[in-house]
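I opened the notebook to log what I looked up.

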Amino acid sequence: MSKKLYFIIITICLVFDIVPFKGILILTKTVNAQSNEVYVGIRDRGVSKIRIAILPFQPEGVEWSNEIQEAQSTLANTISDDLDFSLFFDILDTAYFPQNYIKKKEDIAFFDWSQLGVNALLIGNFKLNDEVEVETRLFSITAAKLVREEKYKAEKSQIRRLAHRISDDMIKFLTGEDGICQTQIAFISTRTGHKEIFISDYDGYGTRQLTSNNSISLYPDWGPDGFNLTYTSYKSGNPDLFMIDWTNNEEIVLSSFMGLNSTAAWSPDGKKVAYTLTKDGNSELYILDTRSGRLTRLTYNYGIDCSPSWSPTGDKIAFTSDRSGNPQVYVIDAVGTNLKRLTYMGNYNDLASWRPGKGDLIAYCSRLRGQFDVCTMDITGENPTCLTSIGNNERPEWSPDGYHIVFASDRGGTYQLYTMDWTGDNVKQVTFGYQAHNMDPTWSPRMRWKFK
Amino acid sequence: MKKGWITMLMLLLLALLIAFSGCSKKQEVEVVPPPIIEEPEPQVIEPVVEPVKIEPLVLTKIHFDYDKYMITEEARQTLIKNAEMLMLYPDAKIKIEGHCDERGTNQYNLSLGQKRADATKDFLVNYGVNASRISTISFGEEKPVCNGHDENCWSKNRRAEFVIMD
């Protein structure tokens with residue numbers, strides 16, 4: 001109740017610009033809990049975002065060239081897209097920039113910018129040789145001063161990744177929240193003629209092939225520490241569960257019981273995997289402790305049980321079962337008690353994905369109009385809301401901050417990956433391909449890339 | 001003296017001659033040539049075709065209703081024939097592959113395909129085929145036989161296939 005009251009006060013403050021808001025731009029990296037809630041409020045309501053202007057980064061010391069121009073637009077576009085995607089920011093379109101917005105390097109037209117409602121201004125310079133060096137300066141327009149200066153350096157080929165780092169740093173500094181701009185998405189692609197795993201940046205750039213099994217690979221799931229990924233492959237004949245371990249740069253067989261070893265999901269603590277085994281004559285859920293190798297059976301039912309997803313606290317598991325006659329989403333305690341059916345609309349509900357962070361929603365796939373939609377519901381099963389309406393939309397997976405969903409849709413003919421906000425807005429196509437399908441995504445945890 | 005020498009020589013010659021002629025007389029015993037053993041022509045014996053297993057081991061795939069893994073009546077008839085056939089070949093081992101159409105989710109279809117393979121195996125075992133001869137695998141919707149997006153193709157893809165193992 002008091003939380004609600006607090007939220008209302010914050011909202012009033014935001015609306016009337018009476019401002020705890022003015023404080024933001026001078027916040028340091030140690031942000032108190034109160035200001036965090038302000039920004040959670042921003043994202044959940046989708047209003048009163050931080051208005052930011054990003055000036056084109058200026059090249060230093062070299063003659064103008066196509067390469068320089070490309071670097072300039074890569075930096076500007078990537079940072080701008082990242083901040084927009086984060087839902088914290090309202091990016092001021094360059095068309096609205098004041099006349100002669102930079103007269104001199106240090107001469108910021110604070111008044112002009114504040115007239116445009118701008119709260120923050122990002123300025124940058126860069127040098128390009130074999131490496132790219134970027135200097136950023138962030139100004140608070142409301143406080144009329146420089147609040148942060150930072151230098152970055154990376155190999156030239158890493159320029160996009162460097163831009164993502166700048167975005168994450170800005171988000172952290174201005175909101176106290178960890179950004180997701182350096183995250184990756186792993187997915188299944190048919191582009192080689194086989195189903196192999198590929199990885200790209202969360203915005204679809206920088207795609208590279210991870211497996212070359214010349215076999216069927218399915219259902220990748222990125223471990224919560226970022227250093228491992230499980231998937232099912234037929235490369236040894238049977239659908240076995242494999243784990244790619246980047247810490248030791250190896251791949252191990254995690255589970256190879258006769259029959260299915262599939263739809264694996266990492267527990268939030270990264271110690272256990274919940275998955276489907278058919279070794280006992282029926283499709284049942286099991287939990288494998290990946291360190292001790294101990295296997296615990298979770299479900300006992302003649303029907304199909306599959307596709308588990310852990311709650312962020314790790315004490316509950318949502319999954320699919322056809323025990324009622326067709327696939328529906330259920331929830332069960334991770335110790336096997338308190339089974340409860342969650343979905344009742346339609347005769348095909350599958351692929352539950354528990355929202356990380358707040359843990360208040362479950363995304364899932366539902367077929368109500370003959371094709372699949374991505375929907376969300378409360379963890380009690382109430383308020384089912386479908387977020388898509390064109391084509392088939394399958395395997396929703398949350399971003400690590402719980403504000404975005406990646407899914408595969410065949411709305412354009414072939415299956416491709418799309419991202420959208422948790423509300424279903426801002427749908428963006430992430431992968432492209434005329435013949436090949438790209439599907440079955442999993443979103444990495446937050447990452448921080450090393451540059452050199 | 002000299003005459004005596006010649007006479008001695010003549011006598012010796014005579015004796016030799018007699019001895020020789022006696023020898024050649026013995027040789028005159030007819031030498032019977034060894035009998036020609038007639039080797040019999042290696043006869044190619046045509047193996048007698050046993051009329052028991054006229055039919056080669058061919059197992060017919062079965063189909064399923066949408067999102068179901070129950071054996072339909074039509075599939076039951078096919079499976080009875082398959083089971084009878086398997087009993088004629090008691091050494092044959094088979095793998096049953098369960099498949100689905102494209103409409104469900106890939107993940108659920110893996111389990112559904114396994115259910116179909118298992119239901120098929122159960123039927124054969126209950127009919128009397130030794131369970132140790134049968135293994136199962138699910139390919140979900142990963143290996144369609146028909147690539148269209150209509151019921152005509154979907155019904156072909158919802159199937160259990162029999163692979164005869166070596």
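**Chain B, overall**

I read chain B along its sequence and got the pattern α-β-α-β-α-β-α-β. That comes to 4 helices and 4 strands. Helices (H or I, at least four residues) and strands (E, at least two) are DSSP runs, numbered from the N terminus. The model is predicted, so I noted its limits: local features need pLDDT of at least 70, side-chain atom pairs count only at pLDDT 80 or more, and totals for chains, interfaces and linings use all residues. Residues are numbered from 1 along each chain as its sequence is written, chains are lettered from A and ligands numbered from 1 in the order in which they are written, and side-chain values use heavy atoms, with hydrogens and water left out.

I looked up burial next. Of the 166 residues in chain B, 37% count as buried. Buried means under 20% relative accessible area, exposed means over 50%, and partly exposed lies in between (1.4 Å probe, protein chains only). Chain B exposes about 11,500 Å², and carbon and sulfur atoms supply 62% of that. These areas come from the Shrake-Rupley method with a 1.4 Å probe; for residues, only the protein chains shown count as cover.

I checked contacts too (heavy atoms within 4.5 Å). Among those in chain B between residues at least 6 apart in sequence, 75% join residues at least 24 apart.

**Chain A, overall**

I counted 5 helices and 30 strands in chain A. Of its 452 residues, 56% are buried. Its accessible surface comes to about 19,500 Å², with 49% belonging to carbon and sulfur atoms. For contacts with a separation of 6 or more, 43% are between residues 24 or more positions apart.

**D67(B)**

Where does D67(B) lie? I found it in the loop between β1 (62-63) and α2 (73-88) of chain B. D67(B) is buried yet has no salt bridge. A salt bridge needs a side-chain nitrogen of Lys or Arg within 4 Å of a carboxyl oxygen of Asp or Glu. The nearest side chain of opposite charge, K68(B), is 5.6 Å away. For charge, Lys and Arg count as positive and Asp and Glu as negative; His and the chain ends are not counted. Leaving out residues up to four places away in sequence, D67(B) touches N326(A), P327(A), Y348(A), Y108(B), L112(B) and R116(B).

**Salt bridges**

Side chains of opposite charge can pair when their charged atoms come close. I got 27 salt bridges over all chains.

- E67(A) pairs with K156(A), the closest N and O atoms being 2.9 Å apart. This pair links distant parts of the chain: E67(A) is in helix α3 (residues 66-85), K156(A) in the loop between β6 (145-155) and α5, 89 residues apart. E67(A) is partly exposed at 42%, and K156(A) is partly exposed at 31%.
- R208(A) pairs with D201(A), at 3.9 Å between the closest N and O atoms. R208(A) is partly exposed at 31%, whereas D201(A) is buried at 6%.
- R103(B) pairs with D101(B), at 2.9 Å between the closest N and O atoms. R103(B) is partly exposed at 22%, whereas D101(B) is buried at 3%.

**Helix α5(A)**

I looked at α5 (residues 159-175) of chain A. Its 17 residues reach 24 Å from first C-alpha to last, close to the 24 Å expected. The expected span is 1.5 Å times one less than the number of residues. How many of its residues are buried? I found 16 of 17. Just after α5(A), G176(A) takes a positive phi of about 80°.

**Strand β28(A)**

In β28 (residues 416-421) of chain A, 6 of 6 residues are buried. One side holds Q416(A), Y418(A) and M420(A), the other L417(A), T419(A) and D421(A). β27(A) (residues 404-409) and β28(A) pair in the antiparallel sense over 6 bridges. Two strands pair if DSSP finds at least two bridges between them. A408(A) has L417(A) as its bridge partner. β28(A) also pairs with β29(A) (residues 428-429), antiparallel, over 2 bridges. There Y418(A) stands opposite Q429(A).
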